Amino acid sequence: MMDILTFLSGVIMISVITYLIINVNKFVRNIKCVKKAKKVLVVVAHPDDECMFFAPTLINLCKREKSSVTEVHLLCLSSGNYYSQGKLRKIELRKSCQMLGIPLSNITVVQHTSMPDDPMCLWREDLVGNIILKFIERLSIDTVFTFDEKGISGHLNHKSLYNGLNYLLEEGLIPRGCKIYLLETVNIFRKYSIIFDLIISLIWSNRAFISSLQEVRLAQNAMSCHISQLLWFRKLYMIFSRYIFINTYKKLTESHYSFHKDK
């Protein structure tokens, strides 16, 4: 028992020290961020996904002095109308994105009758893929960030975004030079380990965005714009989730597609 406690104490101490070093040294902090991105599209399924899952990414990319990015766009593929709150949630999304640093002109919410906000609904991959492709081509996007095949929370709408981009890859429709990055799903223990997942994240991933304590507070303030969604469990999520501190990505490639197709 003592050996386990000693090990956990060591992990916690190393994680805290590493986190402090990263936030003091901006070079170390940014060395694992995606390089050479100019025009970025972050694709989400619902209003509040942007701050619950992608806040470290968006905050870092929107800070021009820390990034080569010139434009950051957000594409939301539903209005979050599961409880008939779509109009309100679109307003909340715009307020949240402004706080995170995304201009209102760079925010698009898609409402399609075949793509309802529903945790049990898997959207058609060709429909999702072609909608995303339209925005990639229209905006000359060179880098896309979205959910991986597990969708972080397992929500089928989240998984649909991955499926749509996989469809584009399979059909050879992704424009040359456009890179797709998938937000990595971790197990429930890592998911709610706050910054203590940092060491594992940096060892296993060479593409990471890490928020300072000030930026974590910014993400929490952005979430407070989603008043309709501030149930008690989401408030706890915004305190304990590692996705408020750390975003790690894997790149969508031909081999990645083949691997999951075979599954």
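Which residues of helix 4 are buried? They are Ala55, Pro56, Thr57, Leu58, Ile59, Asn60, Leu61 and Cys62. Buried means under 20% relative accessible area, exposed means over 50%, and partly exposed lies in between (1.4 Å probe, protein chains only). Helices (H or I, at least four residues) and strands (E, at least two) are DSSP runs, numbered from the N terminus.

1. Basis of the model. This is a predicted model, in which local features need pLDDT of at least 70 and side-chain atom pairs count only at pLDDT 80 or more, while totals for chains, interfaces and linings use all residues. Residues are numbered from 1 along each chain as its sequence is written, and side-chain values use heavy atoms, with hydrogens and water left out.

2. Confidence. pLDDT is the predictor's confidence in each residue, from 0 to 100. The protein has a mean pLDDT of 87, and 82% of its residues reach 70 or more. Over residues 26-32 the pLDDT is below 50, and this stretch has 18 contacts in the model beyond near neighbours in sequence. Contact means heavy atoms within 4.5 Å. Residues 257-263 also have pLDDT under 50, and for them the model has 6 contacts beyond four places in sequence. Where pLDDT is low, the predicted coordinates should not be read in detail.

3. The salt bridge of Arg89 and Asp48. A salt bridge is a side-chain nitrogen of Lys or Arg within 4 Å of a carboxyl oxygen of Asp or Glu. The whole structure holds 9 salt bridges. In one of them, the side chains of Arg89 and Asp48 meet at 3.1 Å, N to O. Arg89 belongs to helix 5 (residues 86-100) and Asp48 to the loop between strand 1 (39-44) and helix 3 (49-52), so that distant parts of the chain, 41 residues apart, are linked. Arg89 counts as buried at 6% relative accessibility, and Asp48 counts as buried at 4%. Asp48, Arg89 and Asp117 are linked in a network of salt bridges.

4. The salt bridge of Lys63 and Glu215. The side chains of Lys63 and Glu215 meet at 2.7 Å, N to O. This pair links distant parts of the chain, 152 residues apart: Lys63 is in the loop between helix 4 (55-62) and strand 2 (71-76), and Glu215 is in helix 11 (residues 213-223). Lys63 is partly exposed at 24% relative accessibility, whereas Glu215 is buried at 1%.

5. The salt bridge of Lys250 and Asp148. A further salt bridge joins the side chains of Lys250 and Asp148 (3.6 Å, N to O). Lys250 lies in strand 7 (residues 246-251) and Asp148 in the loop between strand 4 (143-147) and helix 7 (151-154), so the pair ties together parts that are 102 residues apart in sequence. Lys250 is partly exposed, with a relative accessible area of 21%, while Asp148 is buried, with 1%.

6. Asp49. This residue lies in helix 3 and counts as buried at 2% relative accessibility. The side chain of Asp49 reaches two backbone nitrogens: that of Ala45 at 3.0 Å and that of His46 at 2.8 Å. Beyond its neighbours within four places in sequence, Asp49 is in contact with Val44, Phe54, Phe147 and His158.

7. The nonpolar core. A nonpolar core is a set of buried Ala, Val, Leu, Ile, Met, Phe, Trp, Tyr and Cys residues joined through side-chain atoms within 4.5 Å. The largest such core has 76 residues, of which Leu41, Phe54, Leu74, Leu77, Ile132, Val144 and Phe145 touch the most other members. Helix 6 (residues 125-139) supplies the largest share of this core, 7 residues. Leaving aside neighbours within four places in sequence, the contacts of Phe54 include Val42, Asp49, Phe145, Leu183 and Tyr249. In soluble globular proteins, nonpolar side chains tend to be buried together.

8. Helix 12. In helix 12 (residues 232-240), Arg234, Tyr237 and Met238 are buried. They cover an arc of only 95° around the axis, which puts them on the same side of helix 12; the arc is that of the directions from the helix axis to the C-beta atoms. Helix 3, helix 9 (188-191) and helix 11 are among the elements that cover these buried residues.

Key: Polar contact = N/O pair within 3.5 Å; in protein donor to acceptor, adjacent residues only side chain to side chain.
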